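User: Please walk me through the following chain, one topic at a time.

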Amino acid sequence: VTVIGAIALLLKNLPIESFQTFISNTEFSHLLQACVDVSTNMISVYISFFIAYHYSKNYKVPEQMAGLNALITFLMIAAIHPSGYIMVDFLGAKGIFTAIFTSFLSAKIFITVYQFDNRMIEFMSRINSKKIIDSFTSFIPILVSILITVSFVSLFRFLFNDTIPNVITLLLQNRLTALVGNNLFSDLSLM
């Protein structure tokens, strides 16, 4: 994903005047920017899904549903502004740490509820049909995870009057700046 976005960004900014004239006179510039937008500018979205997907493989739960759960949780935390509109600020590289934290947390909630829910389903299997039981195996863990996320986000916004990604970014940025300094050499070493 990042390679596709990087190649599109390089092509878009290639320092050849005739090529720049060509892409500015056609829709090619917009297509290249669209490649960047859906690849590198959304890297946190992909990270949130795949971390939970691979983490949940060890626990014998539906990996796709655990990944979907992490994706929903990440978008609820990082993309929904308190006034209701969708933000894209933290869907790219700026939201990677938020994606990592939310992926592990939501996957752990999903796994815990799924395993508990399966014990309940085994108990209820004498009563209900298999179709009803199968439909609930992933629904209940996702529902519980979403309810926990909504409660936590609401409480966080009430207590700190800020979004979780902003606080994570500020905390990490201040710590990293204090650790490596704020100069050209520290910026180059982080690349």
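User: Where is Lys 60 found?
Analyst: Lys 60 sits in the loop between helix α4 (43-57) and α5. Helices are DSSP runs of H or I with at least four residues, strands are runs of E with at least two, and both are numbered from the N terminus. This is a predicted model, in which local features need pLDDT of at least 70 and side-chain atom pairs count only at pLDDT 80 or more, while totals for chains, interfaces and linings use all residues. Residues are numbered from 1 along each chain as its sequence is written, and side-chain values use heavy atoms, with hydrogens and water left out.

User: Is Lys 60 buried or exposed?
Analyst: Lys 60 has a relative accessible area of 73%, so it counts as exposed. Buried means under 20% relative accessible area, exposed over 50%, and partly exposed in between, with a 1.4 Å probe and protein chains only.

User: What is the phi of Lys 60?
Analyst: Its phi is positive, at about 55°, although Lys 60 is not a glycine. Asn 161, another residue other than glycine, also has a positive phi, near 50°. Asn 161 belongs to the loop between α8 and α9, and with a relative accessible area of 71% it is exposed.

User: Stepping back, how many helices and strands are there?
Analyst: The chain has 10 helices and zero strands. Of its 191 residues, 30% count as buried.

User: And which share of the contacts joins residues at least 24 apart?
Analyst: Among contacts between residues at least 6 apart in sequence, that share is 65%. Contact here means heavy atoms within 4.5 Å.

User: Which residues make up the largest nonpolar core?
Analyst: Nine residues do: Val 45, Leu 71, Phe 74, Ala 78, Ala 79, Met 87, Phe 90, Leu 91 and Ala 99. Helix α5 (residues 63-78) gives the most to this core, with three residues. Another core, of six residues, lies apart from it and includes Ala 66, Phe 110, Tyr 114 and Ile 142. A nonpolar core is a set of buried Ala, Val, Leu, Ile, Met, Phe, Trp, Tyr and Cys residues joined through side-chain atoms within 4.5 Å.

User: What is Ala 99 in contact with?
Analyst: Ser 44, Ile 47, Ser 48 and Phe 74, leaving aside neighbours within four places in sequence.

User: On to the second largest pocket: how much space lies in it?
Analyst: About 240 Å³. That volume is the space filled by probe spheres set on grid points, which are joined across faces, edges and corners. The grid has a 1 Å spacing over the protein atoms alone; a pocket is an open set of points where a 1.4 Å probe fits, with protein on both sides within 12 Å along at least five of seven lines, and lining residues have an atom within 4 Å of a point.

User: How does the lining divide into nonpolar, polar and charged?
Analyst: There are 10 nonpolar residues, four polar and no charged. Ala, Val, Leu, Ile, Met, Phe, Trp, Tyr, Cys and Pro count as nonpolar, Asp, Glu, Lys and Arg as charged, and the others, Gly among them, as polar.

User: What about Thr 102: is it buried or exposed?
Analyst: Thr 102 has a relative accessibility of 7%, so it counts as buried. This residue of helix α6 is in contact with Thr 73, Phe 74 and Ile 77, leaving aside neighbours within four places in sequence.

User: What does Phe 97 touch?
Analyst: Phe 97, also placed in α6, touches Ile 168 and Leu 172, not counting residues up to four places away in sequence. Its C-alpha atom is 7.7 Å from that of Thr 169, a residue 72 positions apart along the chain. At a relative accessible area of 41%, Phe 97 is partly exposed.

User: And what does Lys 94 touch?
Analyst: Lys 94, in the loop between α5 and α6, touches Asp 89 and Thr 169, with residues up to four places away in sequence not counted.

User: Last topic: which residues of helix α3 are buried?
Analyst: In α3 (residues 28-38) they are Ser 29, Leu 32 and Val 36. Seen down the axis, these fall within an arc of 65°, so they line one face of the helix; the arc is that of the directions from the helix axis to the C-beta atoms. They pack against α1 (2-12) and α2 (17-25), whereas the face turned away carries the exposed residues His 30 and Leu 31.
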